[in-house]
Amino acid sequence: YRNAGALITILLFKRLESSLAAFQQSIHRLKEREKAMKKIAEGGIDSPNERQDIMDFFAERDDEGELEDVDIDEVIDAVEGLDRNERKEITNDVEEDLIDLRELENKDEEFVHEDGTDAKVEQLKDLLENDLKDEKVLIFTQYVPTAEYIFEKLTGSSGSSQLAQFGDKKIGFVHGDSFKREVVNQFAPNS
């Protein structure tokens, strides 16, 4: 369990290093997973449909492959095979985890300026408006939420629009799940 905690801590630091948005999404997903685990430990899965819902829940939220080697069906079977005291211990651990996650979630304001701006995004804006004002710029991020966050902060548009303006610069937003050739073509060398 401690090794899992260390891995989660590393994941959260990587996400926070990427952006506040990526960090917040991870915290939210971890809370959802913990709540689902609590439901399993409390014996709250009464039907095959509920079991399938839990399995689907974990599969849908594993876009980074964190649970790639985990068979959720086996986890459910293992937890259901525990005695009452062991299940209670898991439930207590989950409750402690949820408290810790809520505390982390409430520290968001420590990572932004008093006016709500993000220092990293402000530095990027400054670079785009000054040092890189006559350049085409391509920004890569490890996490889609970071790209969405940057796009939204620069343009005021949601990532669903995929094209917007930042001053006199055209900004495109593309990731693996939303790749559109017409968006990419607008940034070709001759555009």
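Phe-151 is buried, at a relative accessible area of 2%; buried means under 20% relative accessible area, exposed over 50%, and partly exposed in between, with a 1.4 Å probe and protein chains only. Phe-151 sits in helix 7. This is a predicted model, in which local features need pLDDT of at least 70 and side-chain atom pairs count only at pLDDT 80 or more, while totals for chains, interfaces and linings use all residues. Residues are numbered from 1 along each chain as its sequence is written, and side-chain values use heavy atoms, with hydrogens and water left out.

**Overall layout**

- The protein has eight helices and two strands. Helices (H or I, at least four residues) and strands (E, at least two) are DSSP runs, numbered from the N terminus.
- From the N terminus on, the order of elements is α-α-α-α-α-α-α-β-β-α.
- Of the 191 residues in the protein, 31% are buried.
- Contact means heavy atoms within 4.5 Å. Among contacts with a separation of 6 or more, 55% join residues 24 or more positions apart.

- Two packed helices are described by the angle between their axes and the distance between the axes.
- Axes are lines fitted to C-alpha atoms, for helices over the stretch in contact, and angles run from 0 to 180 degrees between N-to-C directions.
- Helix 2 covers residues 20–41 and helix 5 covers residues 84–105. Their axes come within 9 Å and cross at roughly 160°.
- Helix 2 and helix 5 are therefore roughly antiparallel to each other. Angles under 35 degrees count as roughly parallel, over 145 as roughly antiparallel, 65 to 115 as roughly perpendicular and the rest as oblique.
- Helix 2 passes helix 5 in a left-handed crossing. A crossing is left-handed if the near helix is turned anticlockwise from the far one by less than a right angle, and right-handed if clockwise.
- On the helix 2 side, the contact residues include Phe-23, Ile-27, Leu-30 and Met-37. On the helix 5 side, they include Ile-90, Val-94, Leu-98 and Leu-101.
- By class, this contact of helix 2 with helix 5 holds 11 nonpolar, one polar and nine charged residues. Ala, Val, Leu, Ile, Met, Phe, Trp, Tyr, Cys and Pro count as nonpolar, Asp, Glu, Lys and Arg as charged, and the others, Gly among them, as polar.

**Helix 2 against helix 3**

- The axes of helix 2 and helix 3 come within 11 Å and cross at roughly 155°.
- Helix 2 and helix 3 are therefore also roughly antiparallel to each other. Helix 2 passes helix 3 in a left-handed crossing.
- Glu-32, Arg-33, Ala-36, Lys-39 and Ile-40 in helix 2 meet Glu-50, Ile-54, Phe-57 and Phe-58 in helix 3.
- The residues of this contact of helix 2 with helix 3 are five nonpolar, no polar and four charged.

**Nonpolar cores**

- A nonpolar core is a set of buried Ala, Val, Leu, Ile, Met, Phe, Trp, Tyr and Cys residues joined through side-chain atoms within 4.5 Å.
- The largest nonpolar core has 13 residues. Ile-40, Ile-54, Phe-58 and Ile-76 have the most contacts inside it.
- Helix 2, helix 3 (48–60), helix 4 (72–80) and helix 5 each supply at least two residues of this core. Helix 2 gives the largest share, four residues.

**Helix 6 against helix 7**

- Helix 6 spans residues 119–129, and helix 7 spans residues 144–155.
- The axes of helix 6 and helix 7 come within 11 Å and cross at roughly 60°. That makes helix 6 oblique to helix 7.
- Helix 6 passes helix 7 in a right-handed crossing.
- Val-121, Leu-124, Lys-125 and Leu-128 in helix 6 meet Tyr-149, Ile-150, Lys-153 and Leu-154 in helix 7.
- By class, the contact of helix 6 with helix 7 has six nonpolar, no polar and two charged residues.

- Phe-151 and Val-174 are 23 residues apart in sequence, with their C-alpha atoms 10.0 Å apart in space.
- Glu-152 also lies in helix 7. At 43% relative accessibility, Glu-152 counts as partly exposed.
- The C-alpha atoms of Glu-152 and Phe-173 are separated by 9.6 Å, at 21 residues apart along the chain.
- Ser-19 lies in the loop between helix 1 (2–18) and helix 2. Ser-19 counts as buried, at 5% relative accessibility.
- Ser-19 touches Thr-146 and Tyr-149, leaving aside residues up to four places away in sequence.
- Ser-19 and Thr-146 are 127 residues apart along the chain, and their C-alpha atoms are separated by 5.5 Å.
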